[in-house]
Amino acid sequence: HVLRKTGFHEEAAKWISLKEYLEVYINGARNTIESMRRFVKEGNNGFGGYFSLLYQARRLFPDFDKEIHELFFRETSFIKAVVRNAVETEEIKELDPEEVARNLRYIFIGHSFEESFNGGMEPDDAWKHLMFYYQLIKK
């Protein structure tokens, strides 16, 4: 896959459709969840631990906010480039790439956070929410 070879380089955004990117993103989440299972005791919630870890790191490491913001910025920039390409190729309607990118991230992150209080996020549910939004914006 393009993302495995190039990472979040904006040039790679020209080689992947928005729908393909969302599939890769959800599959990445699915793989992360599977790899975390061995570290989480049965009955516990890996997502709750993940969000808790973020808050602890924020308290303990002075530059953590800056570092995590940079990570979020790079990811959003890449999604924005994918969206820009999706507009140019007429995969989706002519919309503001910044807003679409943020909405896609917020759907995933918001769903993950909310489900961290309910046993953890299921990738298929996140996919359903992302595809609902995708259907609204596709041409």
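Predicted model: local features only at pLDDT ≥ 70, side-chain atom pairs only at ≥ 80, totals over all residues.
1. Start with the helix pair. H4 covers residues 64-88 and H5 covers residues 97-115. Their axes lie 8 Å apart, and the angle between them is about 120 degrees. The crossing of the two is right-handed.

2. Now for who touches whom. On the H4 side, the contact is made by Phe72, Glu75, Thr76, Ile79, Lys80, Val83 and Arg84. H5 brings Pro97, Glu98, Val100, Ala101, Arg102, Leu104 and Arg105. Sorted by class, this contact has seven nonpolar residues, six charged ones and one polar one.

3. Thr76 deserves a look of its own. This residue sits in H4 and has 8% relative accessibility, so it counts as buried. Setting aside neighbours within four places in sequence, Thr76 is in contact with Ala101, Arg102 and Arg105.

4. Next, the largest nonpolar core, which has 31 residues. Those with the most contacts inside it are Leu18, Tyr21, Leu22, Val83, Ile92 and Leu104. At least two residues of this core come from each of H2 (18-36), H3 (46-60), H4, H5 and H6 (123-137).

5. Not counting residues up to four places away in sequence, Leu18 touches Val82, Val83, Ala86, Glu91, Ile92, Leu104, Tyr134 and Ile137. Val83 and Leu104 also turn up in the contact between H4 and H5.

Conventions. Residues numbered from 1 in each chain as written. Heavy atoms only, no water. Axes fitted to C-alpha atoms, helices over the stretch in contact; angles between N-to-C directions. Helix = DSSP H or I, 4+ residues; strand = E, 2+ residues; numbered from the N terminus. Left-handed = near helix turned anticlockwise from the far one by under 90°. Contact = heavy atoms within 4.5 Å. Nonpolar A, V, L, I, M, F, W, Y, C, P; charged D, E, K, R; others polar. Buried < 20%, exposed > 50% of the residue type's maximum accessible area, 1.4 Å probe, protein only. Core = buried A, V, L, I, M, F, W, Y, C linked by side-chain atoms within 4.5 Å.
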